[in-house]
Amino acid sequence: MTTDTTAASPGDRPQLSEIHTPVLLERSIELLGPVLDKPGAILVDATLGMGGHAEAMLSRFPGLTLVGLDRDLDALAIAEERLKPFHDRIHLVHTVYDGILDALAGLGISEVQGILFDLGVSSMQLDQVERGFSYSKDAPLDMRMDSTSPLTAERILADYSEAELRRIFQEYGEEKLAGRYAKAIVEARETAPFVRSAQLVEVITKVTPVAVQRMGHPAKRVFQALRIEVNQELAVLERAIPAAMEAVAVGGRIVTMAYQSLEDRIVKRMFAAASTSSAPAGLPVELPEHKPLFTLLIRGAEQASEDEKAINPRATSVRLRAAERLRRAE
C-alpha cells in the first residue's frame, strides 16, 4: 500500500458512520463488473474521496487490486482507515487525477482494467465549513481541495484584475452578471480585502437585482467559478481523461460521473472523438488504423433515478458516461 496521508487528526475528521452513500454505486459496479471480476484485475479510483465506491468494489470482487488517487490528504486518511480490511489489495497515492500515468508507473503498472472518476467537490469538503466551499456558511475564503496548494480563493479575489475575474465567472460559472460582480469585487477590495465568504456573498447580493435573487442564490455560480479556478479542475480534467484512456487495457472500461455541465462536456467530447472512425469521408473501405479506439457503453449520459435522488441529494445533477477500449492505436 503506497500512501502518505499526513493530515488532520482523527478527531478533526468525520466519523466513518457519517460518510454519505456513494452516487450511482450499483450502476458503476454493473458497468465495471465485467472487467473487474477477473484474476489480476486492477481498478483506478481516480477520485477516491472517502472510499465509498472503492470499498464496495473491493468487497464485491475479491481478486481486485485498487489504486486510489486523491489530492485531498484528509480524504486519503479517511479512505485508508475505511479500507483497512483490504490493505493488501490497495495502493493509495496523493496526487491530482491528471497524474494517473505517473502514479501507475510508480507502482510498476502498465495498464488497468477499469477507471472510475467521481468528479466535483465531495460531500466531506462541503461539510467542512472552514474550507470555504459553501456560500451558505461564513468561512475563510480557501476552497482548496489540496491543502498543500498555494492558490486560494482569497488570493484570487485580492490579485486578479477585473477582466480576469469577469473571465472566470463567465467561463467557469456561466454567470450572466459576471461583469457586474467583477466590478463590484474590485471596488470593494479597495476598502477591505476579502477574507471571509460572508463578505463576498454580501457584495454579490448587494449588486444583484431582486428578480434574479428570486431565481436562486446569487453567489452560487461565483463560488463554483472560484473553486474551479483554485483547483484548476477543468484544465486538470482536460489532461486526465486522455491519460486515463491511455492507461485502460484493451477490453477495459472507464466510467465518469460529472455534476456540472462544463465537466460533462469535456468527457463527452473526448469519448466521442475516441469512439468515432478517423477514416476520411468517402473512403470505400475503413482501414484498420481508422477504426475507433473505444466504444460507448451507454447512449449519451445517464442520470440517477428519482428514487436515488430522493435518498441521496448529491445524485440530483449527476451525469454518467462509460466507454470500453476496443484496440490500441496502430
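Which residues touch the most other members of the largest nonpolar core? In this predicted model, local features need pLDDT of at least 70 and side-chain atom pairs count only at pLDDT 80 or more, while totals for chains, interfaces and linings use all residues. Numbering runs from 1 along each chain as its sequence is written, and side-chain values use heavy atoms, with hydrogens and water left out.

The answer is I115, F117, L165, F169, L200 and I254, in a core of 68 residues. A nonpolar core here is a set of buried Ala, Val, Leu, Ile, Met, Phe, Trp, Tyr and Cys residues joined through side-chain atoms within 4.5 Å; buried means under 20% relative accessible area, exposed over 50%, and partly exposed in between (1.4 Å probe, protein chains only). Another core lies apart from it, with 34 residues including L43, V255, A315 and A322.

As for F169, leaving out residues up to four places away in sequence, its contacts (heavy atoms within 4.5 Å) include E174, Y181, I185, V222 and L226.

Helix α1 (residues 25–36) is mostly tucked away, with 9 of its 12 residues buried. Among those buried are R27 and S28, along with L31, L32 and G33. Their cover includes the strands β1 (42–45), β4 (112–118), β5 (248–258) and β7 (319–325), plus helix α2 (52–60).

Zooming out, the protein chain has 14 helices and 7 strands, taken as DSSP runs numbered from the N terminus (helices H or I, at least four residues; strands E, at least two). Buried residues account for 52% of its 330 residues.
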